[in-house]
Amino acid sequence: MTDDELLAAADAVAARAYAPYSRFDVGCAVLCRDGRVVEGVNVENAAYPLGVCAERTTFARAISEGYHPGDFVVAAITASPCGGCRQWLAEMRVERILFRNGGRVVEMTPDELLPEQFEADDLPV
Ligand code: THU
């Protein structure tokens, strides 16, 4: 699975987004170490803050299927990841992130997306 193919998978799955409020469809496709691609979309809600970004539905699905942080090689997203999703991408220890932004395709690492991350090591327990 090439980066272009993964981005094409993210583009295709975006058609399944449930985004009646923003009308902004987002797709995410994540390549796992075993070669499987897990996909997700944003799912909005009439109570706006309850909506979930495409990245989070994708990783919640992957974790539910038995994957763990560190099992993810590349994430392709049809939009620039929001701040909260950058924290999720860091938590999942994805190696590389590809995303569309203003007609360009950008590639970054989690550290580049979110420098000086909050980590569990910072917790007192
Ligand atoms: N959205 C995502 O799915 N991922 C992001 O990282 C950016 C924002 C969604 C949330 C909402 O459904 C819509 O895009 C508009 O903000």
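Let me start with helix 3: what covers its buried residues includes helix 2, strand 3, strand 4 (96–101) and helix 4 (110–113). Contact here means heavy atoms within 4.5 Å. Helices (H or I, at least four residues) and strands (E, at least two) are DSSP runs, numbered from the N terminus. Buried means under 20% relative accessible area, exposed over 50%, and partly exposed in between, with a 1.4 Å probe and protein chains only.

A word on the source. This is a predicted model, in which local features need pLDDT of at least 70 and side-chain atom pairs count only at pLDDT 80 or more, while totals for chains, interfaces and linings use all residues. Residues are numbered from 1 along each chain as its sequence is written, and side-chain values use heavy atoms, with hydrogens and water left out.

Back to helix 3, residues 83–91. Which of its residues are buried? They are Cys85, Arg86, Leu89 and Ala90. These residues cover an arc of only 150° around the axis, which puts them on the same side of helix 3. The arc is that of the directions from the helix axis to the C-beta atoms. As background, an α-helix has 3.6 residues a turn, so residues three or four places apart point the same way. Just after helix 3, arginine 93 takes a positive phi of about 55°.

Next, strand 1, residues 27–32. Six of its six residues are buried. Gly27, Ala29 and Leu31 point one way, and Cys28, Val30 and Cys32 the other way. In general, side chains in a regular strand alternate between the two faces of the sheet.

Two strands pair if DSSP finds at least two bridges between them. Strand 1 pairs with strand 2 (residues 37–41) in the antiparallel sense over five bridges. Strand 1 also runs antiparallel to strand 3 (residues 72–77), again with five bridges. Cysteine 28 has a bridge partner in each: glycine 40 in strand 2 and isoleucine 77 in strand 3.

Strands 1 and 2 form a hairpin with four residues between them, and glycine 35 in the turn has a positive phi of about 95°. Glycine 35 is partly exposed, at 47% relative accessible area. Its C-alpha atom is separated by 9.2 Å from that of valine 73, 38 residues apart along the chain.

Now the aromatic rings. How many aromatic pairs does a search of the whole structure find? It finds three. Rings of Phe, Tyr and Trp (its six-membered ring) pair if their centres lie within 6.5 Å; planes under 30 degrees apart count as stacked, over 60 as edge-to-face and the rest as tilted. Tyrosine 21 and tyrosine 48 have ring centres 5.6 Å apart and planes at 45°, so the pair is tilted. Tyrosine 21 lies in the loop between helix 1 (3–13) and strand 1, and tyrosine 48 in the loop between strand 2 and helix 2 (54–64), so the pair ties together parts 27 residues apart in sequence. Tyrosine 21 is partly exposed at 39%, and tyrosine 48 is exposed at 59%.

Tyrosine 67 and phenylalanine 72 have ring centres 6.2 Å apart and planes at 50°, so this pair is tilted. Tyrosine 67 is buried at 12%, and phenylalanine 72 is buried at 0%. Ring pairs link Phe59, Tyr67 and Phe72 into a cluster.

Last, the ligand. An oxygen atom of the ligand is 2.7 Å from an N or O atom in the side chain of glutamate 55. Backbone N or O atoms also lie by ligand oxygens: 2.9 Å for alanine 54 and 2.8 Å for cysteine 82.

Key:
A polar contact is a pair of N or O atoms within 3.5 Å; within protein, one must be able to donate a hydrogen and the other to accept it, and residues adjacent in sequence count only if both atoms are side-chain atoms.
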